[in-house]
Amino acid sequence: MALPEERFPFPGNHTDQAFFADRADRPLTMRGVTEADLNELLRVDREVFPDDPYPYFVLRQHVDVHGDRILVLDDGECLHGYVLFVTTSDGYVCWVLSLAVSADQRGRGLGKRLMHEVLRQVRRERVHEVRLTVEPTNAAAIMLYRSLGFSTEGGVRRDYLGPGEDRLIMTLRLGLG
């Protein structure tokens, strides 16, 4: 499968600073992950999830096994976010395992762009449902997922990821027949 690459901003839209990485005006590129990204992927994950980041070996294995299912936001010098998604072996359900955007890039629509690309890919693959988990107190993430059409069912799942690790499970049915 060819990996997508999207550069921000689009040609002719240089005045929109929302998709520049920083004051140096380095444009962001959405692209597939490479092995060379591992240390930066780990850095972003630790920044965004300081209490429970993926260990290096888990990210290493995700890159090896699901490398075509990890998209990153790259400014040419460092990564500013990523999304990791996998599809069940029957192709029916896709799970978004992680969505991360660095603190300095939040509020710019980058998480939504990453999710739009995931949804575009899984629709093309005729996946029926997309699921994810989110901390019940993460209002910004819940609002993002709801804006994309995700809904919750069954309320908070206590200890879903272990003791004290409650989660909401959110689902988006893609309506494929």
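Hi everyone, a word on ground rules before we look around. This is a predicted model, where local features need pLDDT of at least 70, side-chain atom pairs count only at pLDDT 80 or more, and totals for chains, interfaces and linings use all residues. Residues are numbered from 1 along each chain as its sequence is written, and side-chain values use heavy atoms, with hydrogens and water left out.

Let's start with the overall layout. The protein chain has 4 helices and 8 strands; these are DSSP runs numbered from the N terminus, with helices being H or I of at least four residues and strands being E of at least two. Going along the sequence, the order is β-β-α-α-β-β-β-α-β-α-β-β. Of the 177 residues, 45% are buried, where buried means under 20% relative accessible area, exposed means over 50%, and partly exposed is in between, using a 1.4 Å probe and protein chains only. As for contacts (heavy atoms within 4.5 Å), look at those with a separation of 6 or more: 59% of them join residues 24 or more positions apart.

Now to the strands, and β5 in particular. Strands pair here if DSSP finds at least two bridges between them. On one side, β4 and β5 run antiparallel and are joined by 7 bridges, with L84 partnered by S98 in β5. The hairpin of these two strands has 5 residues between them, and G91 there takes a positive phi near 75°. β5 also pairs with β6, this time in the parallel sense, over 4 bridges; there, V93 has E129 as its bridge partner in β6. How enclosed is β5 by the rest of the structure? Largely, because 7 of its 9 residues are buried.

Next, helix α3, residues 110–124. Its 15 residues should span 21 Å at 1.5 Å a residue, and the end C-alpha atoms are 21 Å apart, which agrees; the expected span is 1.5 Å times one less than the number of residues. Buried residues in α3 are L110, G111, L114, M115, E117, V118, L119, Q121 and V122. For the spacing in that list, recall that an α-helix has 3.6 residues a turn, so residues three or four places apart point the same way. Just after α3, R126 takes a positive phi of about 65°.

That brings us to the core. By nonpolar core I mean a set of buried Ala, Val, Leu, Ile, Met, Phe, Trp, Tyr and Cys residues joined through side-chain atoms within 4.5 Å. The largest one has 30 residues, and V83, M115, V122, V130, Y145 and F150 have the most contacts inside it. Two or more residues each come from β3 (70–74), β4 (79–87), β5 (93–101), α3, β6 (129–134), α4 (139–147) and β8 (168–173). Which element gives the largest share? It is α3, with 6 residues. Leaving aside residues up to four places away in sequence, V122 touches F85, C94, V127, V130 and L174. Apart from this core lies another of 14 residues, among them V48, L59, I70 and L84.

What about aromatic rings? Rings of Phe, Tyr and Trp (its six-membered ring) pair if their centres lie within 6.5 Å; planes under 30 degrees apart count as stacked, over 60 as edge-to-face, and the rest as tilted. The count comes to 1 aromatic pair. Y145 and F150 have ring centres 5.8 Å apart and planes at 65°, so the pair is edge-to-face. Both of these residues are buried.

First, D75, in the loop between β3 and β4. Buried or exposed? D75 counts as buried because its relative accessibility is 6%. Its side chain reaches the backbone nitrogen of E77 at 2.7 Å and that of C78 at 2.8 Å.

Then R43, in helix α1 (residues 38–48), which is partly exposed at 32%. The R43 side chain makes a polar contact with the side chain of E40 at 2.8 Å. Beyond four places in sequence, R43 touches C78 and L79.

Last, S147 in helix α4, partly exposed at 44%. A polar atom of the S147 side chain lies 2.6 Å from the backbone oxygen of L144.

Notes:
A polar contact is a pair of N or O atoms within 3.5 Å; within protein, one must be able to donate a hydrogen and the other to accept it, and residues adjacent in sequence count only if both atoms are side-chain atoms.
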